[in-house]
Amino acid sequence: MSAFNEYVKKAVFYSKENPEQLAAVLEGLASPENLTANIAIPAVEVANNTALNTVKATLPTKITAVTSKGIPFEATVTWGSTTTPTYAPTTAGDYVLEGTLSGLPAYVTNTGSKKATVTITIKEA
């Protein structure tokens, strides 16, 4: 779908549901909004000794976020293979996993290579 068709589709929706968002969508035609921060998805809690690949299999590959102008958008996430700190399946604690964003709509740019992030909490054994 072309960027113009995407805007028209959103404009029709917002004109019925939320006129303020319609104005923001139309404004986006002239000046796309750049992501300025990582997009955090809700944290997940897993049992002790859960492999990272098992956790990753439960994470979304598509996320919905909202621009600072209030315009919702969807993006594809490709989750990485390392966490901060380094994932240790038998060590309780919090681990942050990042994912690369792609498939952004034409009215959202990512010149700073912002990421999707999720905190994985491993429970005590």
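Biologist: Leaving aside neighbours within four places in sequence, which residues is Tyr87 in contact with, and what makes a pair count as a contact?

Modeller: Tyr87 is in contact with Val46, Thr50, Ala51, Leu52, Val55, Tyr95, Ile120 and Ile122, where contact stands for heavy atoms within 4.5 Å. This is a predicted model, in which local features need pLDDT of at least 70 and side-chain atom pairs count only at pLDDT 80 or more, while totals for chains, interfaces and linings use all residues. Residues are numbered from 1 along each chain as its sequence is written, and side-chain values use heavy atoms, with hydrogens and water left out.

Biologist: What makes a set of residues a nonpolar core, and how many residues does the largest one have here?

Modeller: The term covers buried Ala, Val, Leu, Ile, Met, Phe, Trp, Tyr and Cys residues joined through side-chain atoms within 4.5 Å, and the largest such core has 24 residues, with Ile63, Phe73, Trp79, Tyr87, Leu101 and Ile120 making the most contacts inside it. At least two residues of this core come from each of α3 (52-56), β4 (62-66), β5 (72-84), β6 (93-102) and β8 (115-122), helices (H or I, at least four residues) and strands (E, at least two) being DSSP runs numbered from the N terminus.

Biologist: Why is the pair of Glu45 and Lys123 called a salt bridge?

Modeller: The closest N and O atoms of Glu45 and Lys123 are 3.8 Å apart, and a salt bridge needs a side-chain nitrogen of Lys or Arg within 4 Å of a carboxyl oxygen of Asp or Glu, so the pair qualifies. The structure holds one salt bridge, and this pair links distant parts of the chain, with Glu45 in strand β3 (residues 44-46) and Lys123 in the segment after β8, 78 residues apart.

Biologist: Is Glu45 buried or exposed, and how is Lys123 classed?

Modeller: Buried means under 20% relative accessible area, exposed over 50% and partly exposed in between (1.4 Å probe, protein chains only); Glu45, at 54%, is therefore exposed, whereas Lys123, at 41%, counts as partly exposed.
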